[in-house]
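Please look through the structure shown here slowly, one element after another. The paragraphs that follow are meant to be read beside it.

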Amino acid sequence: MRFRFTEAAIDTQAARQELQSLAAGGYVSFEGWVRNHNEGQEVTRLEYEAFQELAVKEGDRIVAEALRRFPVAHALCIHRVGSLALGDMAVWVGVSSEHRGEAFDACRYIIDEVKHRLPIWKKEHYRNGDSGWVNCERCAAPAQHTHAAQHHDLAATAK
Amino acid sequence: MSSQVAPVYGLILAGGSSTRMHRDKAALKYRGSSQLDRAFELAGRHVPEVFLSVRADQTLDPMRAQRRMIVDAIAGEGPIIGIRSALAAHPRVAWLVLACDLPFLSDEAVDYLLRKRDSAGFATAYRSAHDDLPEPLCAIWEPAAAAALAEYQAGGGHCPRKFLIRHAVPLLEPLDRRALDNVNTPEEYAQATAALESAAPMQLHVRYYALMREQAGRSEESIETSAATPADLYAELKSRHAFSLPREQLKVAVNSEFSDWSRILRQGDAVVFIPPVAGG
């Protein structure tokens, strides 16, 4: 299992242990946090929902792709679902590797792909009492452009 | 007087003596069920109570006797008597009136009629795709129509279709041209049977997430559908649940794997529509 969901807080210490290897000279991780604003709105909390059967399969494929493309030792991604408060960790990616360069590249690849390939949805609750599903409601069109831009970045990095 | 919107009950019309079919139309079978049973089941999926409209001489008919009935209580003949009798029996109820001889009538068509209901008017009805005239026997008749129908009959009228024309009731365009096709002759019956057997509906399981779960008001449902592909299925469900997202913004999964929109669906498939994602 290279990708999994959790409903509880992500235990980064335990996750890091799973990547340890005497052949690895370093470890890179990325933590995604719930921030207090988005698109000019003050955010008070988030809810994450996932189509888990498919997301786990696709998440495993993304991590497997990273392991094929970059010569790293181990990689793991954990995504949280449920109701999250400001500052909570929503997603964690860890990669261990012989050298640092490919560890950064693999970590970046995984988080970018996870963000736009996995069937995971995020509902933002705002200070003004409003709420909305990110990319599904008022900002559906701009979100498409963001994705395209990320793809180009990624292709450039991967080369 | 309450100004609340009247509840809707179902009224199945199966009283016609069917001279052209040479047999009781209510007993005609499609895919193993009689027209009468199919009409009851269809209406029962959309409204809380369903009654059968019968003439006084039909109350002991074995096919009809086990149903809750509304017996014609007004002198005369034809569907207008059945509609008026129901309105008289339950003066605060609106009636989803369905003729039993509409074998292609779908849940989608009934649901659309109910969603477009004009409870302030006399009726909500479809425009026939064949002659552009109102279809009074797949329609919702409001309590307010009772007095106007009585007046119309007192003036010599007897045709509910002409009543709808006279009162310029606004008409809905049918979503499916065939939905209101009725079956009057043995030839039409043979054609309808063949068409229904070849487009045999199947049972599918649909799960909803995020915005679509909220718009559908449920996280899953089992549905019977003739949709051949996920694209057809989305068109059907988008209209049923008033989904806001166009299909171009979605992906689809069948049996927990991403799928093409043109894949042929099979009995028992599990379908998930995937709105724009936002993980991380």
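**Sheets, helices and the contact between chains**

In chain B, five strands form an open sheet in the order 11-10-14-12-13, and their pairing is mixed. The edge strands are strand 11 (220-225) and strand 13 (257-259) of chain B, each of which pairs on one side only. On average, and with direction ignored, neighbouring strands of this sheet are turned by 35° against each other. Helices (H or I, at least four residues) and strands (E, at least two) are DSSP runs here, numbered from the N terminus, and two strands pair if DSSP finds at least two bridges between them. This is a predicted model, in which local features need pLDDT of at least 70 and side-chain atom pairs count only at pLDDT 80 or more, while totals for chains, interfaces and linings use all residues. Residues are numbered from 1 along each chain as its sequence is written, and chains are lettered from A and ligands numbered from 1 in the order in which they are written.

Strand 12 (residues 251-254) of chain B is joined to strand 13 of chain B by three bridges, and the two run antiparallel. The bridge partner of B:Ala253 in strand 13 of chain B is B:Phe258. Across strand 10 (202-207), strand 11, strand 12, strand 13 and strand 14 (270-274) of chain B lies helix 9 (residues 230-241) of chain B, which runs at about 70° to strand 14 of chain B. For such angles, axes are lines fitted to C-alpha atoms, for helices over the stretch in contact, and the angles run from 0 to 180 degrees between N-to-C directions. Two residues are in contact if their C-beta atoms, placed from the backbone, lie within 7 Å.

Helix 9 of chain B also meets another helix: its axis and that of helix 4 (residues 107-115) of chain B come within 9 Å and cross at roughly 25°. That makes helix 4 of chain B roughly parallel to helix 9 of chain B, given that angles under 35 degrees count as roughly parallel, over 145 as roughly antiparallel, 65 to 115 as roughly perpendicular and the rest as oblique. The contact is made by B:Glu108, B:Asp111 and B:Tyr112 of helix 4 of chain B, together with B:Glu236, B:Ser239 and B:Arg240 of helix 9 of chain B.

Chain B holds a further open sheet, in which seven strands follow the order 5-4-1-6-8-7-9 with mixed pairing. Strand 5 (69-71) and strand 9 (171-172) of chain B stand at its edges, each with a single partner strand, so one side of each has no neighbour in the sheet. Strand 1 (residues 8-13) and strand 4 (residues 50-54) of chain B pair in the parallel sense over four bridges, and B:Ile12 stands opposite B:Leu52 in strand 4 of chain B. Helix 1 (residues 35-44) of chain B lies across strand 1, strand 4 and strand 6 (94-99) of chain B, running at about 170° to strand 1 of chain B.

Which residues of helix 5 (residues 145-154) of chain B are buried? They are B:Ala145, B:Leu149 and B:Tyr152. Seen down the axis of helix 5 of chain B, its buried residues fall within an arc of 60° (the arc of the directions from the helix axis to the C-beta atoms), so they line one face of the helix. The face turned away from this buried side carries the exposed residues B:Ala147, B:Glu151 and B:Ala154. Helix 3 of chain B packs against helix 5 of chain B at an angle of about 140°, with the axes 10 Å apart, and the two helices are therefore oblique to each other.

Finally, 24 residues of chain A are in contact with 16 residues of chain B. The largest share of the side of chain A that touches chain B, four residues, comes from helix 3 of chain A.

Notes
Buried ≥ 20, exposed ≤ 12 C-beta atoms within 10 Å, placed from the backbone.
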